[in-house]
Amino acid sequence: MSLPRDPTSRPSPLRPLTRRRFVAGSVAGLALTACGGGSSRSTDGALITPEPMPEPIPQPEPMPDTEVLGPMMPRGLHSSFMGDSHSSRTITWFTDGGDAPVSWLEFSSFDVGLDEFSIQDDAFEFSVEASTSETTGIDSFTHRASAVGIDPDRPLRYRVGSDEGGWSAVYVVMPSPRDEWSFIHFGDHGIGELPKLVTEEVMRTPADLLMLAGDLSYANGDQQIWDVWFEQMQPLLARRLTMAAPGNHEEKDFGGETFKNRFSHPPKPLTSSFGPNDPGSTFYSFDFNRVHFLVTTAGALIGDGTLPEELLNIEVDLANAAFRRLRGEIDFIIVMQHFTIWTDQLDRSPANFTLVALEENIFLRYGVDLVIVGHDHIYQRSAPMFLGLPNPLGYVQMMVGTGGASIRLLDDDGTQIWSEASFVGIGFAHYKVSKGKIKIDYIGAPPLDMSDAGREYSEGIFEIIDSVEINAKSLLACSQCAMPARGPEVLLQNFEAIAAHTHDRNRRAFRHCG
Ligand SMILES: [Fe+2]
Ligand SMILES: [Fe+2]
């Protein structure tokens, strides 16, 4: 709970009398490169003219408010929300050193137009004490704190830290727009040069929400890699609300415990609102305006024993969402997970049949509009499909495993009948949401060439490769998808086989460095 800050309750941090310093904007002034080409057709067949992306926003990187960076200086700041997507913000960060300082999130809403020095230097109106735990597998501490009940229509300025250990720079999270808004999605990132190109382009591309579809740092058990990833991502994640799904590489970090520790997400869908708020949920849902998002593990963390519970959660959550869509409360249902369902990546085509058995039936029953995934390191967009065949009542799969971990090739046999667009390279998908419509652009950069060596590099010249529009389902289609949730006697009747197949799939996923 946020409390008005009592200036007598604890001393103000020691601060130099000078203005805070800014690093000259590493991303300021860089314009999005050419926007052209690509297929451009809506899912109902109408031609679409690709729109140029909005102008980039200069984002100078502020410096921490301290001259000496001690071990307890906050690092790896990232923003998300565990409650309402408009009126709550959660900040998660890390500190080093033998002890964890009692840490705080300080914040204030402010009016657009406030000068940058006031944004950095003005006193904060509220502070809330962070909860702290040991960071999984490394001698550090994870802190998280939520600002709740904030003004949903004004930007939020905040910093985190402690008088004892030091304070972060002041960052700004913009309010979530209500009518037209956008989000970006990609998966399969990492810490090398290709991932950095993608991150820089994402920073240049305005969006209100970032959806990361798993295989995030590729730490593979080395927890210091996570620290590098969060450090590289802080200029982006400290400012942009981000939700993540665990991938098969997250499973290599203590079976997913690192993911649960280092991110803060909404609770599981079936969590009682009176129960403890578990920040480590790996499957969760939330509304962002008229879009309902469900994030699943797709069995990536099957070793933690929660997959049966997750399947029941998925069923109930999507059943509720389908009823809410019929009542006109939402327009779209989007599922994000790491694993693809259908794919044409070389060596993985044509499908992950375990997932089809596990999930596609549920997605189709409740009329999921979009399934946004990663895992396969290519871009591929499907037509609305059902069991691998185009079907106007089916879902569109957006496979965007092109965060830069590597660049893979399409299957030698070409693409399947459901495939409407594909691309070999790096990049991300940008979704512009308005009432009843989602305009999707895939923004990509090719590798130097298609050889194994050439695919390790890119000049980072991004352009719009593919565009499509998704329209909200008709009232008739919505009514057909408003079905009662099924119980464990149906969903889990073949769970032994599902679990065996999922274990086998996860083992095979690593053979191709998934
Ligand atoms: Fe993967
Ligand atoms: Fe991957």
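This is a predicted model: local features need pLDDT of at least 70, side-chain atom pairs count only at pLDDT 80 or more; totals for chains, interfaces and linings use all residues.
Q: Why are β17 and β25 called edge strands?
A: They belong to an open sheet of seven strands, ordered β17-β18-β19-β20-β24-β21-β25, with mixed pairing. Each of β17 (284-288) and β25 (419-423) has a single partner strand, so one side of each is left without a neighbour in the sheet. On average, neighbouring strands of this sheet are turned by 15° against each other, direction ignored.

Q: What packs on this sheet, and which strands are touched?
A: Helix α5 (residues 307-326) packs on the sheet and touches β17, β18 (291-295) and β19 (332-336). The direction of α5 makes about 175° with that of β18.

Q: How do you know that β20 and β24 are paired, and in which sense do they run?
A: The requirement is at least two bridges. Strand β20 (residues 370-373) is joined to β24 by four bridges, so the pair qualifies, and the two strands run parallel. L370 has V396 in β24 as its bridge partner.

Q: Why is N391 called partly exposed?
A: A residue is buried with 20 or more other C-beta atoms within 10 Å and exposed with 12 or fewer. N391 has 14 C-beta neighbours inside 10 Å, so it falls in between and counts as partly exposed. N391 is found in the loop between β23 (389-390) and β24 (396-400).

Q: What is N391 in contact with, leaving aside its neighbours within four places in sequence?
A: The contacts of N391 are P384, M385 and F386. N391 and W418 are 27 residues apart in sequence, and their C-alpha atoms are 8.8 Å apart in space.

Q: Is H375 buried or exposed, and what decides it?
A: H375 counts as buried because it has 28 C-beta neighbours inside 10 Å, against a cut-off of 20 or more. H375 is found in the loop between β20 and β21 (379-382). Phi of H375 is near 75°, a positive value in a residue other than glycine.

Q: What makes the peptide bond between S349 and P350 worth a remark?
A: The bond joining S349 and P350 is cis, with omega about 5°. Most peptide bonds are trans. P350 lies in the loop between β19 and α6 (353-365).

Q: How do you know that the buried residues of α9 are on the same side?
A: The buried residues are I498, T502, R505, N506 and A509. They cover an arc of only 95° around the axis, which puts them on the same side of α9. E496, A497, A500, D504 and R507, on the other side of α9, are exposed.

Q: What span does α9 have, and what is expected?
A: Helix α9 (residues 495-509) has 15 residues and reaches 20 Å from its first C-alpha to its last, close to the 21 Å expected at 1.5 Å a residue.

Q: Why is β28 called largely enclosed?
A: Seven of the nine residues of β28 (residues 463-471) are buried, so the strand is largely enclosed by the rest of the structure. Strand β27 (residues 437-445) pairs with β28 in the antiparallel sense over eight bridges, and D441 stands opposite S467 in β28.

Q: How many residues score at least 70, and where does pLDDT stay under 50?
A: The protein chain averages a pLDDT of 87, and 85% of the residues score at least 70. Residues 1-41 stay under 50.

Methods
Residues are numbered from 1 along each chain as its sequence is written. Chains are lettered from A and ligands numbered from 1 in the order in which they are written. Two residues are in contact if their C-beta atoms, placed from the backbone, lie within 7 Å. Axes are lines fitted to C-alpha atoms, for helices over the stretch in contact, and angles run from 0 to 180 degrees between N-to-C directions. The expected span of a helix is 1.5 Å times one less than its number of residues. The arc is that of the directions from the helix axis to the C-beta atoms. pLDDT is the predictor's confidence in each residue, from 0 to 100.
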